[in-house]
Amino acid sequence: MFEEVGTTTEGDIIINVGPQHPATHGVLHLVITLNGETIKKVEPHLGYIHRSIEKMCESLSYRQFIYVTSRMDYLSSHINNHACALCVEKGLQVEVPPRAQVIRVLMDELTRIASHELWWGAMAMDLGAFTPFFHAFRERESINDIMEETCGARLTMNYMVPGGVMQDLHPNFQKKVKEFMQLYKRKIHEYDELVTGNIIFQNRMKNVGYLSAEDAVSYGCSGPAARGSGVSCDIRKIYPYEIYDKLEFDEVLETGGDSFARYMVRIREMQQSIRIIEQLIDNIPEGDFQAKTKAVLKLPKGEFYTRVETARGELGVYIVSEGGTTPYRIKFRSPGFSNLSVLDHIARGSKLGDLVAMMGTLDLVIPDIDR
Amino acid sequence: MFITKYIKDVYKGVRSLLVGMKRTLYYFTHHKEIITQQYPDNRDTLVLPERFKGEVVMPHNENNEHRCTGCQACELACPNGTIKVIFKNELTPEGKKKKAIDKLVYHLELCTMCNLCVEACPSDAIKMAQTFEHSVFDRNELTKILNNPGSKIMEGVE
Amino acid sequence: MWSFSNIANNLHKWLSETFNPTMTLIIEMVLAGVAVIGLFAALGLVLVIMERKVSAWMQIRLGPNRVGPKGMLQSLADTLKLLVKEGLTPNGADKLLFNLAPFVAMIVAMLLMAPIAFAKDFQLWDLNIGVLYVSAISSIMVISILMAGWASNNKYSLMGAMRSGAQIVSYELSAGLSILAVVVMTGSLQVSDIIHSQADGWWIFKGHIPMVVAFITFIIAVTAETNRAPFDLAEAESELTAGFHTEYSGMKFALFFLAEYVNVFIVCAIGATLFLGGWMPFHIGNWTQFNHVMDYIPSSIWFFGKTFFLIFVIMWFRWTFPRLRIDQLLNLEWKYLLPISMINLLIVTAMAILKWHF
């Protein structure tokens, strides 16, 4: 039943980090066994923000369930919606118009940058530097403004629909994105000056939370957390969806395996996203933004699985259909859950202060873990 | 050599710290970079994009007429049961009974602003408004009736 | 000319004419106490609003701008809020120590005010071992933090207190050694002597590079000693929620808060006195005209100007750097600051013997 919380062996103390704690950015509960400052065990307790999204989706139609997925990984809500839309399209055998594909990829990459910006600021804040948080929000805010203009919301957009996107791009979209990219290029060196190059920061990150490539694979890590260990796992490259196979971008790989490597992966990934946006922003094809679909969507009997690369890793959507208007079962393979499971492995033996750096570089979004 | 490496380490470390301090000093002295918006004060000049999803409204024309036929497409499209259409029977001038909406009840407290109802509406009767200050003291105020009292369906909308 | 020393002298004259010597002494002591408490409160208010404005401007924000003109009364409003809040004592806490700790922190900060020369000839107590007194009293600060951490009966608090203990004890060494550099140069522990020895130039200019090194070491060490970021491990927010004052609320918390800021003020005042000449105006060699202009600025403004500049530097650190880890913090002290300041002290001693300074 319940483990007795108290002193286990002589000199060990158990502290509860969370559910309300400044470092967990949500309602994650970590039971940490400490010997002095050294971590002996980390035990994540989940379920504080479980909303049974998978079960909810079973009673919603294929158009309706997409909006719920924005609430999983709220920082990459576009990409979540995209994954669901792709899965439904796979079942419906719908061809998405080229314009819609480009719009989707553009939105995905903007979301990825926005998510990494927030991660960068929040991680610096975890390490005790408050100023980068506000500087990161300045850039993120301009992305949010772009989203607000085109999609009508800033966080949970619900812009992707099966067959395309809900509305066409706003006329100002291209101008605003170009403005954002100029702002970003003007400010990117500040990231190095404030955080990346800082000797204190580097000492906090280097040789902390080492994750070997084998462990990354066996724990099922994905996204920047695994790519920091040299595991090539970018879904955009391996199983290209939409137009990613026609785009020029590099899969960012670092071989360090420590927190600093994971940090650098995300920093370099933002530049790759900028590169993708640069290729697409002047080449948005004309045409429909939405394929013609029936008013009531019915997936044929069968099982459908798609995966996309969110800002945190691989998101898989698995739909079992009985041929009706609602799915029989939906399963999300969320990146945060697998990435969290590695925390105990990499945290053992390091100091309490390092735990914050590790949690920061794993980039945990708690609603994504619990769903 | 050990000593040269030691001194190099110290130099590099101090230099990286000074670079960061130069950046914060730049922002400390350049107040025009401040991006804060003083929200309640700038309410008059606040412009929200026309697509901003604040709440669902039903536009009426000057004759107190709306475009809603009561087809219930929005009610079906809504994932949360936010919209309820209540009907009444009206007598047309020819003396026939005709079904028309009595009330289109909209529960703002349930709405997630997903825009699916607006997309589903075949006659463009409802749209998203750009309001966002929804807090009220009584929860009942969040349950709204979208059609104005005594409103009629517009001529020619089927 | 208007000055603090004139006011003090006139007051003393008037008191000794009116009352007998014992009464005069008592009244003067009470007045000094009231003045210190007043300064204490004023410093708390000023430094909090200063910190908030500095952080806001560095973070491209506006900062407090609603209460009073340009938000200058914000910290007053915050103090009022803290005053009316309930001061909780948690169950299972050591009640005596828990309630005593904030007052110890405050009393230590008050005692440290004694030897500081706020203006020309304006000092509470010019004792002959002033500098030693300061470094001795300031190390009592750690006791209040340990008390608070232990008595809270909270693991976060205890860890914060233990971290803080290790940190303050270590950094006292290099702070002391860099203070010694000035003492060696001056040949006196008395604060007024140290200030007078800088009449022809501040030590940071007179003492060549070794003095600059001592100054930098001093600033780093006192930042750590006052538990300010990047050395704020005792209250590391993202690790220990609030460290040793996790369980404190209301006015007891405010006292810790106040003591932290007053400690910052005091260490900066000591730094300004030792290295930047205290209330001495800025003079350049033979530029008589320039020196005269500088002399017209009151000595108190010189003192507070230098002190607030140093406070600004410490705030600047806080809002730029990430926090160190506990082992890195101790590494920095024992592997870098301590050897550097020891070698530096040797060089300074050689300079003092050989009269190499100006």
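These questions and answers walk through a predicted model, chain by chain and contact by contact.

Trainee: What ground rules apply to this model, and from which number are residues counted along each chain?
Mentor: The model is predicted; local features need pLDDT of at least 70, side-chain atom pairs count only at pLDDT 80 or more, and totals for chains, interfaces and linings use all residues. Chains are lettered from A and ligands numbered from 1 in the order in which they are written, and residues are numbered along each chain, as its sequence is written, from 1.

Trainee: How many helices and strands are in chain A?
Mentor: Both are DSSP runs, numbered from the N terminus: helices are H or I with at least four residues, strands are E with at least two. On that basis chain A has 15 helices and eight strands.

Trainee: What share of the residues of chain A count as buried?
Mentor: Buried needs 20 or more other C-beta atoms within 10 Å of the residue's own; exposed is 12 or fewer, partly exposed is in between, and C-beta atoms are placed from the backbone. Of the 371 residues of chain A, the buried share is 53%.

Trainee: Which strands stand at the edges of the open sheet in chain A?
Mentor: The sheet has three strands in the order β1-β2-β3, with antiparallel pairing; two strands pair if DSSP finds at least two bridges between them. Each edge strand has a single partner strand, so one side of each is left without a neighbour in the sheet. The edge strands are β1 (12–17) and β3 (38–45) of chain A.

Trainee: What is the bridge partner of His29(A) in β3(A)?
Mentor: Strand β2 (residues 29–35) of chain A runs antiparallel to β3(A), and seven bridges join them. In β3(A), His29(A) is partnered with His45(A).

Trainee: Is Gln72(B) buried, exposed or partly exposed?
Mentor: Gln72(B) lies in the loop between β2 (65–66) and α2 (73–77) of chain B. Its phi is positive, near 70 degrees, in a residue other than glycine. With 14 other C-beta atoms within 10 Å, Gln72(B) is partly exposed.

Trainee: How does Met113(B) count, buried or exposed?
Mentor: Met113(B) sits in the loop between β4 (97–107) and α3 (116–120) of chain B. Met113(B) is not a glycine, yet has a positive phi of about 55 degrees. Because Met113(B) has 20 C-beta neighbours inside 10 Å, the label is buried.

Trainee: What separates the centres of domain 1 and domain 2 of chain B?
Mentor: Domain bounds come from an automatic or database domain assignment. For chain B, the assignment gives domain 1 (2–35) and domain 2 (55–153). Taken over C-alpha atoms, their centres are separated by 59 Å.

Trainee: Which helix of chain C gives the most to the side that touches chain B?
Mentor: Two residues are in contact if their C-beta atoms, placed from the backbone, lie within 7 Å. By that rule, 11 residues of chain C contact 12 residues of chain B. With three residues, the helix that gives the most is α2 (residues 21–58) of chain C.
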